[in-house]
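I opened the model to look up its aromatic contacts. The entries below follow the order of my searches.

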Amino acid sequence: MNPPDIAVRVPADLVDDLTTIPATRASDTAGSTCLVDGERRLDDAALEAAVAATAAHLARLGVGAGDVVAVMLANRAEIVTTMFAAWRLGAALTPVNPALTDPEVRYQLADSGARVLVAEARGAGLGAACGVAHLAVEDVWTHPSDTDAPVRPAHSPADVALLVYTSGTTGTPKGCVLDHANLTAMVRSIVDHLTLGTGDRSLLVLPLFHCNGLVVGVLAPLAAGGSVVVAPRFDAPTFWDLVERERPTYFSAVPTMYALVDAATTRAVDTSSLRFVVCGAAPMPADLITRFEQRFDVTLVEGYGLSECTVAATINPLVGARKAGTVGPALPGVEVEIATPDGRRAGPGERGEVVIRGANVMRGYLGRPEETAAVLRDGWLHTGDVGFLDEDGYLTLVDRTKDMIIRGGENIYPKEIENVLYQHPAVLEAAVTGQPDATFGEVPVAHVALRPGAAATPEELREHCLAALAKY
C-alpha cells in the first residue's frame, strides 16, 4: 500500500485560531491554491478577498457578535467563505441540509435564531417566513460598494462557532453547540494524528452540513497549510477520474461510498497521490476495508465520533497497528471509556456504553438543558453506542443501545448480523431492523442490496448466516 509519507509541517498559529486562517494565509503564503470548486480555483489572496466580501454583506444585513448565520447550499466554496465570514464578525454558522423540507428548514432557522440565510432563490421565501434576511449565493463574493470592511470583534475561545443539527430520528432535531475551543481542539488533534501539512490536499466528498465535511475535509487541511477540493455531487463511476485529475492526498467518506466505488470500478486506477483515506459516520465491515486497501493500494483508517464531540473521538493510526474491525484508539487529547449499566468502567473486552471526555465535547444542545444533562454527565459524553476496548485501547463498536433487538429474552445487536452478511460475496449493503412478533416479541429482519451483476436468494443468505451466528 502507499506509504504514509509525513507531509511538511507548518507552525501552529493557524490551528491556534481557526478564524484567522484566510487572513494569515493571505499574508504568509505566496499565492498557493487553497480552495478548488470545479473551474474556480482560489489562491490564498482570493480566499481572503471572498471572505472579506461576504463579511461585508453580512455586516450590512446587521450580523454582529453573538448572531447566527445560516447557509443552505449543496457543496460549494461559498459555504466555506460564509463560515469564515461569520466568524470574522463574531457570529456562529448553522449549516442547513438543502434536502430538508420547507417546514424542517423553517424549524432550524427559528430554533437557531438565525439572522441571515445564505442560499439560492428558494431561501428568499423561507427566510421571509421566519423574519430572516436572505443573501443570494451569487452575491456573496461581490463586495457591496456602500459598506466598509467590518472590524473584527475581540475573539474568545468560548464564542459559539457552529450550531450543527442532529438528524432528529429520536424526536425534533437538536442543535449541537460547538464553540471555537471545541473546533480548535478537534482540528489540532486531527492534524497531529494524521500528520497533515502543507503538501496535503483534501478531496471533499461528504456534505458540508455535517461536522465531518467541515472539520476533517476543510478546516484541518487549511489549518495545516494544505488545500481543499470541493467535489461535485458524489458519483461512484466517475470518482477515480476526479482523483486522478485533482491529485488529493486524502479524502474522508462513509462505508456506502466505499462499497459503491468498489462495485463501480471496472478499470485500473491511479491512486498514487493518496497518502491515506478515512472512513467515518458508520462502522465499516472489516472485509470491505481489507478488499478496498488491497484492490486500490491505499491505507484506509477507520474512525468514530459524532457531532456532539466535534466529529471524532478515535481513528486508527497511520503509523503503527491498524486493526480492521475496530475504529482505533482515542485521538490525542481525547479520553474514551466503556461504562457498564451499573456505572463501572469496563475492563478490556467488556461491553458497555461508549463515553467520551475531552476539549472536543460540545457545550450542550441549544435551549435544551434537560437533554443536555442526560448526555453530559460528570464531564463525560454518553454516546448511546455500545462497544468494547481491547487491551491496547482500540475501540470496537457493537451497536446503538436503542437499536438492540430483544428476541424472546435474547439481546441481539443488528450490526453483528450485518457484519456476517457483508462477508457474502454477493452483498453490497445490509441493514437489520427489528420487527414485532406475537411469539418472540421482536425478531430481526435483514434488508439486503446485492452487488451489480450478483445473485443470491434469501434462503442462501439465511444459510450463510446460520454458519456464523447462533440460531436465535
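I searched the whole structure for aromatic pairs and got ten. For a pair, the ring centres of Phe, Tyr or Trp (its six-membered ring) must lie within 6.5 Å; planes under 30 degrees apart count as stacked, over 60 as edge-to-face and the rest as tilted. I took up Phe 292 and Phe 296, a tilted pair with 4.7 Å centre to centre and 55° between the planes.

I noted that this is a predicted model, in which local features need pLDDT of at least 70 and side-chain atom pairs count only at pLDDT 80 or more, while totals for chains, interfaces and linings use all residues. Residues are numbered from 1 along each chain as its sequence is written, and side-chain values use heavy atoms, with hydrogens and water left out.

Phe 292 and Phe 296 are about one helical turn apart, because they lie four residues from each other in helix α11 (residues 286-296); helices are DSSP runs of H or I, at least four residues, numbered from the N terminus. Phe 292 has a relative accessible area of 0% and is buried (under 20%, 1.4 Å probe, protein chains only). Phe 296 is buried too, at 3%.

I then listed the aromatic cluster that holds this pair: Phe 234, Phe 239, Trp 240, Phe 251, Tyr 258, Phe 292 and Phe 296.

Last, I looked for charges over rings (NZ of Lys or CZ of Arg within 6 Å of the ring centre and within 35 degrees of the ring normal). The charged end of Lys 174 lies over the ring of Tyr 365, 5.2 Å from its centre. For Lys 323 over Tyr 394, I read 4.4 Å.

Key: Helices (H or I, at least four residues) and strands (E, at least two) are DSSP runs, numbered from the N terminus. Buried means under 20% relative accessible area, exposed over 50%, partly exposed in between (1.4 Å probe, protein chains only).
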